[in-house]
Amino acid sequence: MGDPYLIDNPCTKRMRALKEALKQQGHEAVILAPDIKGIAREPEVVYCPAIPLRKKNTFYRLANGISLALSSICSLGKAGKIDIVVTTTPPALISMAGWLMAKIKRAKLVYDVRDIWPDVALEMNEFTKNSIYYKIFRFIRDFMLKHADLITAVSEGKVNKLKEYAPHQHIVRIPNGFDMHFLQNQLDLTLYKRVAAKDKFVCVYTGNLGLAQGLKQLLHIAGQAKKNKLNAAFWLYGRGAEERELREHVREHQLDNVFFGGKLSNQEIYTVLKAADISFVPLVNENLRDSIPTKIYEALGVGCPVLLAAEGDAVSVLEDAGLGIAVQPNRMDALWKAYLQLYNNLHNNREAMEHMKKRAMERMQGQYSLQYSAQLFVKELKGMCAD
């Protein structure tokens with residue numbers, strides 16, 4: 001159970017890799033996913049009606065999650081015989097439906113945690129501990145931790161936090177990672193030439209222009225680059241709640257080196273990362289220590305150096321890859337110095353950078369790949385069935 005199956009978001013890629021790994025070992029896998037208008041139908045997917053997530057606010061999250069949970073339960077008969085139910089979160093509300101399905105089918109239950117709700121909402125200051133939303137999501141989290149036969153989480157920090165909540169449960173790390181299918185994309189040559197035009201030093205951001213990203217940090221760097229007359233360009237690709245505010249900031253400060261490119265397809269993201277000199281990967285604040293933005297895997301996987309504004313688990317990934325610099329979020333002077341260091345390295349040490357790119361790509365495409373993680377996941381699932 002999870003998010004829309006054929007939309008290229010982190011949940012989709014994770015579940016797709018798991019399904020493929022199960023099939024390779026002779027097991028059947030059925031995906032229950034929202035019925036999204038305009039999405040091509042895929043075999044082995046049961047599509048369930050749901051209220052669309054038109055906006056990423058609490059109301060629409062609740063409406064989407066509750067409607068999907070109810071329709072998933074009603075569609076359970078189409079799934080056939082089930083030995084294990086894997087429910088991935090977020091969205092958190094679907095988890096309860098996964099528990100009920102496991103009960104109905106007398107199957108074992110896996111609670112796959114990509115973000116811990118309501119913890120991540122508190123860390124982003126979306127609501128407080130006194131709010132009804134916090135109490136609802138806390139109840140769901142604690143209920144699922146208590147009743148799951150296996151709990152998986154995507155980072156070491158999340159595993160440790162979940163062990164504090166459920167010290168007697170079996171909790172293992174099954175990381176996110178680089179999707180090897182990403183390499184099957186072809187370059188969009190027109191887009192590539194547009195991004196890499198005029199021999200500028202190009203920094204790109206790809207993803208949601210939303211609350212958790214802290215993209216004012218990138219605009220600060222762009223302002224410093226203009227002030228210092230660097231031959232640099234900054235591209236922001238995506239849509240989100242903060243897009244209007246970001247555009248107004250660019251106009252007010254006359255940042256003629258910043259460009260908005262709109263939402264990209266998977267092929268276009270591949271092209272942009274191949275064309276860029278660096279990729280900016282931010283988190284909004286230092287509270288999100290156990291979060292690893294999945295875009296870091298894609299950038300490193302195609303050899304694009306990363307300027308990371310984060311602390312914790314994400315920094316460990318970057319340091320292991322050895323291709324980029326990490327800075328604490330919202331440390332503007334430090335971010336500017338890190339940007340300058342990457343700017344100078346790529347101008348003065350191209351040969352060394354090419355070697356570092358090759359090593360990072362090998363690292364991401366090996367033990368940091370989604371396909372490798374899926375094999376770990378399957379091993380855990382088979383162990384459950386053997387018990």
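A residue counts as buried when its relative accessible area is under 20%. Leucine 162, at 1%, is therefore buried. Keep that cut-off in mind as you look around this predicted model.

- Four strands make up an open sheet in the order β3-β4-β5-β6, and their pairing is parallel.
- At the edges are β3 (84-89) and β6 (171-173), each of which pairs on one side only.
- From one strand to the next, the twist averages 25 degrees.
- In general, the strands of a sheet pair through backbone hydrogen bonds, in either a parallel or an antiparallel way.
- Strand β5 (residues 150-153) is joined to β6 by 3 bridges, and the two run parallel.
- For a close look at that pairing, find isoleucine 151, whose bridge partner in β6 is isoleucine 171.

**Helices on the sheet**

- Helix α6 (residues 156-165) packs on the sheet, where it touches β4, β5 and β6.
- The direction of α6 makes about 170 degrees with that of β6.
- Helix α3 (residues 94-105) lies across β3 and β4 (108-113), and it runs at about 175 degrees to β3.

**Leucine 162, a residue of α6**

- Leucine 162 has its place in helix α6.
- Not counting residues up to four places away in sequence, leucine 162 touches Val113, Ile116, Leu145, Ile151, Ala153 and Ile171.
- Leucine 308 is 146 residues from leucine 162 in sequence, and the two are 25 Å apart in space, C-alpha to C-alpha.

**Helix α15**

- Helix α15 (residues 370-386) has 17 residues, which at 1.5 Å a residue should span 24 Å; the end C-alpha atoms are 24 Å apart, in agreement.
- Its buried residues are Leu370, Ser373, Ala374, Phe377, Val378, Leu381 and Met384.
- Seen down the axis of α15, these buried residues fall within an arc of 145 degrees, so they line one face of the helix.
- Exposed residues Lys379 and Ala386 are carried on the face of α15 turned away from the buried side.
- The cover over the buried residues of α15 includes α1 (10-24), β3, β4 and β5.

**Glycine 240, a residue in a loop**

- Glycine 240 is found in the loop between β8 (232-237) and α9 (243-252).
- With a relative accessible area of 31%, glycine 240 is partly exposed.
- Leaving aside neighbours within four places in sequence, glycine 240 is in contact with Asn208 and Leu209.
- Between glycine 240 and lysine 263 there are 9.6 Å in space, C-alpha to C-alpha, and the two are 23 residues apart in sequence.

**Aromatic rings**

- Across the whole structure, a search finds 16 aromatic pairs.
- Tryptophan 117 and phenylalanine 127 form a tilted pair, 6.2 Å centre to centre with 55 degrees between the planes.
- Tryptophan 117 sits in the loop between β4 and α4 (119-123), while phenylalanine 127, 10 residues apart from it, sits in the loop between α4 and α5 (132-147).
- Both tryptophan 117 and phenylalanine 127 are buried.
- Elsewhere, ring pairs link Phe201, Phe234, Trp336, Tyr339 and Tyr343 into a cluster.

Terms used:
Residues numbered from 1 in each chain as written. Predicted model: local features only at pLDDT ≥ 70, side-chain atom pairs only at ≥ 80, totals over all residues. Heavy atoms only, no water. Pairing = 2+ DSSP bridges. Axes fitted to C-alpha atoms, helices over the stretch in contact; angles between N-to-C directions. Contact = heavy atoms within 4.5 Å. Expected span 1.5 Å × (residues − 1). Buried < 20%, exposed > 50% of the residue type's maximum accessible area, 1.4 Å probe, protein only. Arc of directions from axis to C-beta. Phe/Tyr/Trp six-rings, centres within 6.5 Å; stacked < 30°, edge-to-face > 60°.
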